[in-house]
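This briefing goes through a single protein model by topic, with the conventions stated where they are needed. Please keep the sequence and the structure in view while reading.

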Amino acid sequence: MPLYIGVMSGTSLDGLDFALIEQGDSTKLLGTHYEPMPDQLKQDLLGLCSSGPDELARAAVAEQAWAEQASYGVHQLLHKARIDATPIRAIGSHGQTVRHEPQRGFTIQIGQPALLAELTSITVVADFRRRDMAAGGQGAPLVPAFHEAVFGDPDRPRAVLNIGGFSNVSLLHPQQETRGFDCGPGNVLLDAWINRHHGHSYDRSGAWAATGTVDQRLLDRLLDDPFFATQGPKSTGRELFNLPWLDTQLAALPDMAPKDVQATLLELTARSITQSLLAAQPETQDVLVCGGGAHNDALMQRLQALLPSCTVKSTADYGIEPDWIEAMAFAWLAHCCLEGIAASRPSVTGARGARVLGAIYPA
C-alpha cells in the first residue's frame, strides 16, 4: 500500500504536525511527530500576517526557514518509523497561511515546496487552496472530504469540529451532501490574551478562563460582528479576528478583569460554534472534536452544555487522536492529487465544481 506524509502548520503557529499514513481502501495512521515552531520563525510568520516593510523578501526568507523545519520533522518521523524516504510516495504540505482573504479572491500559504522536495528526496504536493479559489470557492475548509471518508456514518448525522487557531465544522449527513465552514475564532484570541497577561502560549485545559465570569456586554459586542450572521460557505483568519479587533471592542466598555475577558472569549468560541452548527444541521447526533481545542476541558464542557441533544467527544474516542487529524488530511489530499481525485467539495467552499487540488513538486 502507498505511504504518504502529511505536514500541517496551523494558525496557532505553535508547531508542525507530521502524520505518516498508509492509503488503501481506508486510511491507516502509522506514525506521528510534532516539531515545535522556533520562536524567531513564529515571530517572522506572525509579522507576515499583516502589512509591513519589505514583505516579499521577508516572506521568501521565512518560507525557506519553514521548509527547512519541515524537512527536519520529516526526517525525524522517518527515523521514528524506522524507514527511509524510498517507500514514501509523497508529502502533502499545507504550508503556513499568512493571508487568507477570499472576499478579495486570494489566499497565501508559504512553505517552499521545491526546497522541501530537495531536502527530503520525496515528491511534495502543496498549494492546495488556490485551485478551489480559482473556481470561485473560499479555498477553505478543505478537510470535510477527509472527515467524510474517515468519520462518516450511514445512519447518524455527525459533525466533525476542528478547533485550532480558528474553528471549522464538517457536516456529515447520511442523506445530504457534505457541507462545512469556518465558525470563527477557536484558540487564536484565547492564546493571544493569556500570552499578553501571563506570557503563556495557551490556557491549559481552559483553567484560567474557568476562574473568570462571562461578561454579557462584551460577548454581545463580539457576537455582533457581521461574520457570525452569515451562513456558509465562509472562511476567516487573523485578518479579521485578532488582538486589535478585541481591543476595539473592549475600548467601548468599562475596564474588565483579564480573567473575565478570557472567560468571555471561551464563551465566544463555544457560542459561535454551537449557534452555527445548530442553524446548519440541528439534527446532529455526534460532535467529534479534533485540534488543540479538544484538550481544553472547560471548552469541551461548555460545548456539551450548549448541545444537550448531542454527544460531544474527542476524535480519540473514535480511534484517532485529535492532534493528528489535519496532518492526516493533507497526506490524504496528496494521495487524491496524484490519483486525479477531485477532493474539494463545492457544497463546502462555494466553488463552481469539484477540483483536483494541489501542485506537484517531483522528488
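Is Phe181 buried or exposed? With a relative accessible area of 6%, Phe181 is buried, where buried means under 20% relative accessible area, exposed over 50% and partly exposed in between, for a 1.4 Å probe and protein chains only.

The model is a predicted one, in which local features need pLDDT of at least 70 and side-chain atom pairs count only at pLDDT 80 or more, whereas totals for chains, interfaces and linings use all residues. Residues are numbered from 1 along each chain as its sequence is written, and side-chain values use heavy atoms, with hydrogens and water left out.

**Surroundings of Phe181**

- Phe181 belongs to strand β9, residues 179–185; helices (H or I, at least four residues) and strands (E, at least two) are DSSP runs numbered from the N terminus.
- Leaving aside neighbours within four places in sequence, Phe181 is in contact with Pro141, Asn168, Val169, Leu171, Gly232, Lys234, Ser276 and Ala280, contact being heavy atoms within 4.5 Å.
- Phe181 and Thr349 are 168 residues apart in sequence, yet their C-alpha atoms are 7.5 Å apart in space.

**Cis peptide bonds and positive phi**

- Most residues other than glycine have a negative phi, and most peptide bonds are trans.
- The peptide bond from Ala140 to Pro141 is cis, with omega near -15 degrees, and Pro141 is placed in the loop between α4 (129–134) and α5 (144–151).
- A cis peptide bond also runs from Gly232 to Pro233, with omega near 0 degrees, and Pro233 lies in the loop between α8 and α9.
- Asp54, in the loop between α1 (39–47) and α2 (55–81), is a residue other than glycine with a positive phi, near 55 degrees, and counts as exposed at 56% relative accessibility.
- Ser121, in the loop between α3 (113–120) and β6 (124–126), has a positive phi of about 60 degrees although it is not a glycine; Ser121 is exposed, with a relative accessible area of 54%.

**Nonpolar cores**

- In soluble globular proteins, nonpolar side chains tend to be buried together.
- The largest nonpolar core has 46 residues, and those with the most contacts inside it are Leu265 and Leu268; such a core is a set of buried Ala, Val, Leu, Ile, Met, Phe, Trp, Tyr and Cys residues joined through side-chain atoms within 4.5 Å.
- Helix α10 (residues 258–280) gives the most to this core, with 8 residues.
- Another core, of 30 residues, lies apart from it and has Leu142, Leu172, Cys337 and Leu357 among its members.
- Beyond its neighbours within four places in sequence, Leu268 is in contact with Pro185, Leu189, Leu219, Leu222, Leu223, Phe228 and Trp245.

**Helix packing**

- The axes of helix α8 (residues 216–223) and helix α9 (residues 243–251) come within 10 Å and cross at roughly 130 degrees, which makes α8 oblique to α9.
- Axes here are lines fitted to C-alpha atoms, for helices over the stretch in contact, and angles run from 0 to 180 degrees between N-to-C directions; angles under 35 degrees count as roughly parallel, over 145 as roughly antiparallel, 65 to 115 as roughly perpendicular and the rest as oblique.
- Leu218, Arg221 and Leu222 of α8 make the contact with Trp245, Leu246, Gln249 and Leu250 of α9, and these residues divide into 5 nonpolar, 1 polar and 1 charged.
- In that division, Ala, Val, Leu, Ile, Met, Phe, Trp, Tyr, Cys and Pro count as nonpolar, Asp, Glu, Lys and Arg as charged, and the others, Gly among them, as polar.
- Helix α6 (residues 188–198) packs with α9 at an angle of about 75 degrees, their axes being 10 Å apart, and that makes α6 roughly perpendicular to α9.
- In this pair, Leu189, Ala192, Trp193 and Arg196 of α6 meet Leu243, Trp245, Leu246, Asp247 and Leu250 of α9, a contact with 7 nonpolar, no polar and 2 charged residues.

**Segment after β12**

- Ala363 lies in the segment after β12 (359–361) and is exposed, with a relative accessible area of 65%.
- Not counting residues up to four places away in sequence, Ala363 touches Ser121, Ile122 and Thr123.
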